[in-house]
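Colleague: I would like to go through some of the labels attached to this model and hear what each one rests on.

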Amino acid sequence: MSTSQFAVKIGPQELGQIFTLRKNLDLMRVLARFAEHYRRLGWPLAALEAQSGADLDIDFTSFNKPLTKRLMDETLQGREVNLAVRLGASARVFALKIAADQAPLQLDKCGPWRSTCIAALKNRQEQHFYRLPEAWELPSSAPADHIQVLGEGALAFVPPSLEPDTGHNWRWLKAPWESPPCPPPAGLRRFLEKHDLFTVTQTEPEPRLLAWSMLFPQIARHKDLLSTLLAPPVSAARYYREIITEALKAGINESKMLQSLLWHAPHGEARRSPELWGHLVSLVTELTRTGRPASFQHGRKGLGQERTSPKPLVHHLERLAARTLELERQLADLQQAPKGHGRGRRDLPCWKEWLALIQRSGLDDKDIQDFKRELADFLRKNPDLAGDEKKLVLVRYCYANYIKIDPAYDGLPERDRLAGAGEMARTFLNSPVLKMPTRNNPR
Amino acid sequence: MANHSNIKLWSIGGGKGGVGKSVVTIGLGISLARLGNRVILLDGDLGGANLHTMMGLRFPSVTLEDFLLKKVPRLEDVVLETPIEGISIICGADDILGAANPTFHQKIRLLRELEELPADFVLIDLGAGTSFNILDLFNHSPGKIAVFSGVSTSLQNVYGFIKCALFRKISREFAKDGEILALLYEEDPAGEDISCMDDLVAQVKRVAPEKCFRLLKALRDFEVFLVTNMVKNDQDFRAAEIVQSVCADFLNIKPQILGHLLADPLVEVAINQMVPSLLHQRDNKIVRGLEQIAKRMVRLGRHSFPAWSPEEPKSAKSSPLNIFKEAFESSS
């Protein structure tokens with residue numbers, strides 16, 4: 001053989017083993033760091049061989065040998081290690097494993113279900129982790145296509161473990177040490193009840209929500225409460241606190257009503273933040289159970305630190321509100337334009353937005369022109385509202401979210417409906433919680 | 001089985017440039033010297049010698065070139081003292097055409113005289129790559145050190161280097177045996193891939209069982225020591241076990257871990273300043289690693305270390321130098 005034929009090749013298996021082992025060493029270090037996080041949360045852990053699922057019998061509670069070293073020992077033996085948490089009563093956590101692009105269609109029908117603690121896979125699988133309520137007994141099951149409930153005794157892979165079926169690594173969208181698992185939301189409860197998936201061993205309050213169309217008639221006569229709902233919030237904490245305060249003052253102290261108010265609050269973030277919603281539910285539950293004013297502490301970010309009685313503050317704010325109202329009326333008198341001058345010669349402000357509000361099937365040009373005329377008339381009669389873009393936004397908001405859906409206004413002329421929206425907006429503007437910029441107090 | 005009570009000749013290789021072979025060579029030399037040994041460093045990077053630069057010798061008066069070109073009669077005549085007590089150096093030849101490819105006779109002369117040098121330890125700093133010169137120097141040394149870092153590519157390179165060295169050794173063992181060489185470098189004529197050494201042993205057992213013993217002996221006698229350099233974390237520290245694992249699975253050999261050296265920015269300063277004495281500092285973490293390795297090398301030197309079987313006839317044909325001679329005759 002000639003020299004040129006003495007070629008030594010490194011085969012793909014050799015290379016693969018080198019790179020895989022090296023990569024796994026890095027992964028084990030990361031795994032050990034994550035394991036430490038889970039350990040601090042009190043989650044019972046198991047180390048599983050990635051392909052076979054065999055338990056590697058690593059004791060995470062033992063400190064005889066550093067965890068990194070133990071995990072690296074396993075991986076250098078050729079084993080790929082995954083981390084799993086044993087769900088159920090020991091962890092006080094259960095999980096919902098779903099196909100993220102298909103399962104929500106089924107779950108959304110039942111109401112809010114998303115968790116504050118979510119892990120995801122690249123192929124759009126998600127695991128939602130929830131706090132297991134004390135009274136619940138929840139076995140593992142697969143109640144519907146693309147949905148798996150991981151309950152008592154089930155093992156859920158946690159990041160950065162590899163999902164054996166797909167070869168992808170789990171990663172946290174919302175990690176439990178930053179966003180703890182919330183109690184099961186109302187929609188998830190309904191879903192689980194619908195499939196007879198859990199039993200409750202003791203009575204607990206039922207957190208169902210009322211639809212807004214059912215809730216509004218019950219609160220419509222409470223002007224202060226409405227004002228509070230409509231007022232742009234200074235802060236989320238204050239907003240929710242004042243809603244609850246006004247609701248209690250109005251005699252609304254039933255859990256379902258209070259929760260429904262908080263859910264539907266127009267300026268609230270609860271619908272977009274399961275973590276916040278979970279906290280509000282806990283607040284209301286405690287409030288209705290103990291009868292004491294709610295404490296608004298929420299983990300590291302409190303909803304509010306103030307614990308003073310609202311009564312003196314309310315009196316002070318009412319005095320300010322009265323003064324504000326007087327100033328607003330004076331301003332309106334000054335701003336009122338003489339007859340014949342005014343907006344008739346100019347385009348109606350935000351006409352396109354108004355037009356979008358009144359769009360419906362069967363609406364013709366005559367209807368549009370009639371509405372436009374009524375709107376122009378309304379603006380002429382209410383120069384205090386017409387002269388401020390923000391106030392007009394509020395009028396439009398009241399029209400869209402209250403007047404339009406209120407059965408009491410069905411069939412009434414647009415003149416009356418617009419007047420109702422204006423009155424509602426003015427009520428809100430005169431609310432003691434609102435600080436609107438005025439000529440004398442620009443902001 | 002012949003015993004060598006002292007392993008005098010150590011080669012430091014690894015395949016890839018920049019993993020720290022020269023630094024490790026110098027560092028080990030200093031540590032061995034501080035243990036009371038006489039040490040000679042030899043720059044075996046025949047085409048790119050720079051060991052003397054790192055030792056602070058900018059313009060050596062004599063180099064290996066002088067020996068290869070027979071300007072001096074003995075290899076000992078090109079040994080130079082260094083500023084560091086107990087350490088001498090044979091500077092490489094980096095300024096002559098063809099020095100990277102010495103002739104067969106030059107290499108034979110070199111290898112013979114290496115064993116005669118007046119030192120307790122001779123450390124050969126091999127160049128990068130896997131040329132026959134490098135592999136032959138590596139295989140000729142009873143002490144074989146492969147240096148690498150913890151990154152994947154370095155692991156790949158050091159494994160490739162070890163595999164090349166092993167195959168070179170086996171090919172020299174069966175230099176005139178076309179049948180075995182064909183199995184080693186080509187596919188099995190029966191059409192089966194030989195993906196690991198176990199497969200090769202099985203095939204040799206099948207086609208020429210009388211030669212299997214020689215093959216297994218060659219594998220057993222091939223002892224490599226691993227040194228992980230520039231260790232920055234736990235993963236780097238454990239990287240040598242990856243090399244052990246792959247060598248065991250595919251080459252049927254088990255390299256031993258000699259030690260590891262922590263990453264230290266002081267090394268770069270020492271190289272740039274051409275002041276290896278910076279490595280002398282006792283509170284330096286890299287020196288602690290070098291000392292540990294040096295002590296292990298001394299301990300290894302006191303135990304038996306098989307180079308070849310005493311049962312084989314000690315004919316001219318079986319001595320290392322003549323095996324080398326045959327190798328070059330067959331490859332030229």
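**Labels and their grounds**

Modeller: A:L248 is partly exposed, with a relative accessible area of 35%. The model is a predicted one.

Colleague: Why is A:L248 called partly exposed?

Modeller: Buried needs under 20% and exposed needs over 50%. The value for A:L248 is 35%, so the label is partly exposed. The residue A:L248 sits in helix α7 of chain A, residues 236-249. Leaving out residues up to four places away in sequence, A:L248 touches A:N253, A:L258 and A:L287.

Colleague: What makes the pair A:R39 and A:E36 a salt bridge?

Modeller: The cut-off is 4 Å between a side-chain nitrogen of Lys or Arg and a carboxyl oxygen of Asp or Glu. For A:R39 and A:E36 the N to O distance is 2.4 Å, so the pair is a salt bridge. Both residues belong to helix α1 of chain A (residues 12-41), three residues apart, about one turn of the helix. A:E36 has a relative accessible area of 26%, which makes it partly exposed.

Colleague: How do you know that B:R168 and B:D136 form a salt bridge?

Modeller: Their closest N and O atoms are 2.9 Å apart, and the limit is 4 Å. B:R168 lies in helix α6 (residues 152-173) of chain B and B:D136 in helix α5 (residues 132-140) of chain B, so the pair ties together parts 32 residues apart in sequence. B:R168 and B:D136 are both buried, which means under 20% relative accessible area for each.

Colleague: What makes B:D177 and B:K211 a salt bridge?

Modeller: The closest N and O atoms of B:D177 and B:K211 are 2.6 Å apart, against a cut-off of 4 Å. Both B:D177 and B:K211 are buried.

Colleague: Which salt bridges cross between chain A and chain B, and how many are there?

Modeller: The rule finds four across the interface of chain A and chain B. One of the pairs is B:R238 with A:D73, at 2.4 Å, N to O. Ten residue pairs are in polar contact between chain A and chain B. On the side of chain A that touches chain B, α1(A) gives the most, with eleven residues.

Colleague: What is the area buried between chain A and chain B?

Modeller: About 2,500 Å², with carbon and sulfur atoms giving 65%. The contact takes 25 residues from chain A and 30 residues from chain B.

Definitions and conventions:
Residues numbered from 1 in each chain as written. Chains lettered and ligands numbered in written order. Predicted model: local features only at pLDDT ≥ 70, side-chain atom pairs only at ≥ 80, totals over all residues. Heavy atoms only, no water. Helix = DSSP H or I, 4+ residues; strand = E, 2+ residues; numbered from the N terminus. Buried < 20%, exposed > 50% of the residue type's maximum accessible area, 1.4 Å probe, protein only. Contact = heavy atoms within 4.5 Å. Buried area = accessible area lost by both parts, 1.4 Å probe. Polar contact = N/O pair within 3.5 Å; in protein donor to acceptor, adjacent residues only side chain to side chain.
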